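User: I am new to this structure and would like to go through it with you. Could you take my questions one at a time?

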Amino acid sequence: MKNSELFAPGRLKKILKILSKLFDSIIFDTPPLTVGAEAAVIGSVVDASLLIIKSDYASRHKIQHAINKLKLAKVNLIGSILNSSDMSNRSSYYNYYGET
């Protein structure tokens, strides 16, 4: 079975219906939006999605493009997560509140 067949919205909805009876939460980790369409397709049939942003990698333009792509796919984007952040190079904002 090809990915395009597995991720067809109709088939994916059937798979999610079965899985939701077995599990309280289902989390999909998809390839980046710049690599393929899986994230937008899966995002269009699940309850909610998060956009993961790699620190110092994605430009503001690329992030906005990704958000627009998800909106076009009618994805319920509920937030974002910034990862791979170098905490040794903290701004003075964090220093103001002291070390944690």
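User: Which residue of β2 does Lys-54 stand opposite?
Analyst: Lys-54 stands opposite Asn-83 in β2. Please keep in mind that this is a predicted model.

User: And what is the bridge partner of Ser-49 in β2?
Analyst: The partner of Ser-49 is Leu-77. Altogether, six bridges join β1 to β2. Strand β1 covers residues 49–54, and strand β2 covers residues 77–83.

User: Do they run parallel or antiparallel, then?
Analyst: The two strands run parallel.

User: How does the chain get from β1 to β2?
Analyst: The chain passes through helix α4, residues 60–72, on the way from β1 to β2. This β-α-β crossover is right-handed.

User: Which residues of β1 are on the covered face, and which are on the uncovered one?
Analyst: Ser-49, Leu-51 and Ile-53 make up the covered face. The uncovered face holds Leu-50, Ile-52 and Lys-54.

User: Back to Leu-77. Is that residue buried, exposed or partly exposed?
Analyst: Leu-77, which lies in strand β2, counts as partly exposed because its relative accessibility is 29%. The range for that class runs between 20% and 50%.

User: What separates Leu-77 from Ala-48?
Analyst: Along the chain they are 29 residues apart, while their C-alpha atoms are separated by 6.0 Å.

User: Let us turn to α4. How many residues does it have, and what is its reach?
Analyst: Helix α4 has 13 residues and reaches 18 Å from its first C-alpha to its last. That is close to the 18 Å expected at 1.5 Å a residue.

User: New topic: the surface. Which residues form the nonpolar patch?
Analyst: The patch consists of Ile-18, Leu-22, Phe-23, Ile-26 and Phe-28. Together these residues have about 480 Å² of accessible area.

User: Where does Phe-23 sit, and why does it count as partly exposed?
Analyst: Phe-23 is in the loop between α2, residues 9–22, and α3, residues 38–43. It counts as partly exposed because its relative accessibility is 47%, and the exposed class requires over 50%.

User: To finish, how many helices and strands are there, and in what order do the elements run?
Analyst: The protein chain has five helices and two strands. From the N terminus on, the elements run α-α-α-β-α-β-α.

User: And what share of the residues counts as buried?
Analyst: The protein chain has 100 residues, of which 16% count as buried.

Note on methods. Residues numbered from 1 in each chain as written. Predicted model: local features only at pLDDT ≥ 70, side-chain atom pairs only at ≥ 80, totals over all residues. Heavy atoms only, no water. Buried < 20%, exposed > 50% of the residue type's maximum accessible area, 1.4 Å probe, protein only. Helix = DSSP H or I, 4+ residues; strand = E, 2+ residues; numbered from the N terminus. Pairing = 2+ DSSP bridges. Right-handed = clockwise from strand over helix to strand, strands pointing away. Patch = residues over 30% accessible without salt bridge, like charges linked within 9 Å, V, L, I, M, F, W, Y side chains within 5 Å. Areas by Shrake-Rupley, 256 points an atom, 1.4 Å probe, with all protein chains shown as cover. Salt bridge = Lys/Arg side-chain N within 4 Å of Asp/Glu carboxyl O. Expected span 1.5 Å × (residues − 1).
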